[in-house]
Amino acid sequence: MTFDSAAFSDEVIRVFRENRLDALLDGDKTACLSAFAARLVETNEKFNLTAVTDPKEIAFKHFADCAALIPLLPRKGKILDVGCGAGFPSVVLAILRPDLSVTALDATEKKVRFVSECASSLGLANLSTAVGRAETLAAPGNALRESFDAVTARAVAPLRILSELCLPFVSVGGVFLAMKGQAAERETEEAKTAIPMLGGKLREIVSGTLSDGGTETVTRAVAVVDKIRHTPPEYPRAYARIVKKPL
Ligand code: SAH
C-alpha cells in the first residue's frame, strides 16, 4: 500500500483541530508525525506492530489520543514510556515536545528496534530506547530506578499491576500518568492499596472524550499519581508474583 503523506498530514491537522489539540502542531511536527505513520504502516506489513493500521485511525486513535496527554506532562525533563509497543505515547510525545527527553521501554526487542529506527530516521535526538522487562530494569541498583520526572503507560496492564511496574521508575516529586479508558475509576479503586505502598498518591483522574469529527468517540482517562516517597526496595517483585499476588 502506498502511503499518502499529504492526505495524512491533512487528516492529522483536521483531527487535532476537532479536539482542540492543533496548537501543539507546526509544519515540521505534522510532517514528522506523517513520516512516523508511513513507517508504521510499512513496517506493519512485515510484522505486526499495531492493530490500528488505517491512516485515519492512526491519526485519531494513536496520535490525537497520545497528544491529549501533553498538558499533563512536566514542562521539561526526563520521561519514560513503559510498554511503548510501536511508540505510543513515546514517539508522539518526542515529536510534539522536543524539550522533553523521552525513553521508550519495551520487553519485545523488535518493537524497540522499530522505535529506535524511527528515532534515527525522523531525526529525533530527544528519543532513546531501552529493551527489557520493566520489573527488572526498575530493580534497586539499576540506573533507571527513580530517575524519571514522569512515567507514562498506555494499554499495558490493569492499574494495580501497572503501578508496581511504573512507580519504581519515578523520582520523588515526579508523576506517573496511566492512560486508561472507561475502567479508570474501577482500576483506581482496585489500586488504592498498591499505590501508597509503592510511594505514590493518587492526585486525580483527568478524563475527556476525543472525537474523530464524525460518529466515533473514545473516552480517555488519565490516572495522575504523584510520587511522594521512595519506593521500598522490595518492589518491584518478579512478574509472576506481581500478577499472582497484586498489592
Ligand atoms: N503502549 C503501546 C503498546 C501497548 S501493548 C500502545 O498503547 O499502543 C503492551 C506492550 O507492553 C507490549 O509491547 C508488551 O511487550 C509490553 N509489556 C508488557 N509487560 C511489560 C513489562 N513487564 N515490561 C516491559 N514491557 C512490557
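Is Glu216 buried, exposed or partly exposed, and what is its relative accessible area? I looked this up in the predicted model and found Glu216 partly exposed, with a relative accessible area of 28%.

**Entry 1: Lys61 and Glu216.** I recorded a salt bridge between the side chains of Lys61 and Glu216, with an N to O distance of 3.2 Å. The two residues belong to distant parts of the chain, 155 residues apart. I placed Lys61 in helix H3 (residues 55–67) and Glu216 in the loop between strand S6 (200–211) and strand S7 (217–227). Lys61 is partly exposed, at a relative accessible area of 24%. I also noted that Glu57 joins Lys61 and Glu216 in a network of salt bridges.

**Entry 2: Arg154 and Asp65.** I found Arg154 in a salt bridge with Asp65, where the closest N and O atoms are 2.8 Å apart. Arg154 lies in strand S4 (residues 148–154) and Asp65 in helix H3, so this pair ties together parts separated by 89 residues in sequence. I checked accessibility for both partners: Arg154 is buried, and Asp65 is buried as well.

**Entry 3: Arg133 and Glu135.** I listed a salt bridge between Arg133 and Glu135, with 2.6 Å between the closest N and O atoms. Arg133 counts as partly exposed because its relative accessibility is 40%.

Note on methods
Residues numbered from 1 in each chain as written. Predicted model: local features only at pLDDT ≥ 70, side-chain atom pairs only at ≥ 80, totals over all residues. Heavy atoms only, no water. Salt bridge = Lys/Arg side-chain N within 4 Å of Asp/Glu carboxyl O. Helix = DSSP H or I, 4+ residues; strand = E, 2+ residues; numbered from the N terminus. Buried < 20%, exposed > 50% of the residue type's maximum accessible area, 1.4 Å probe, protein only.
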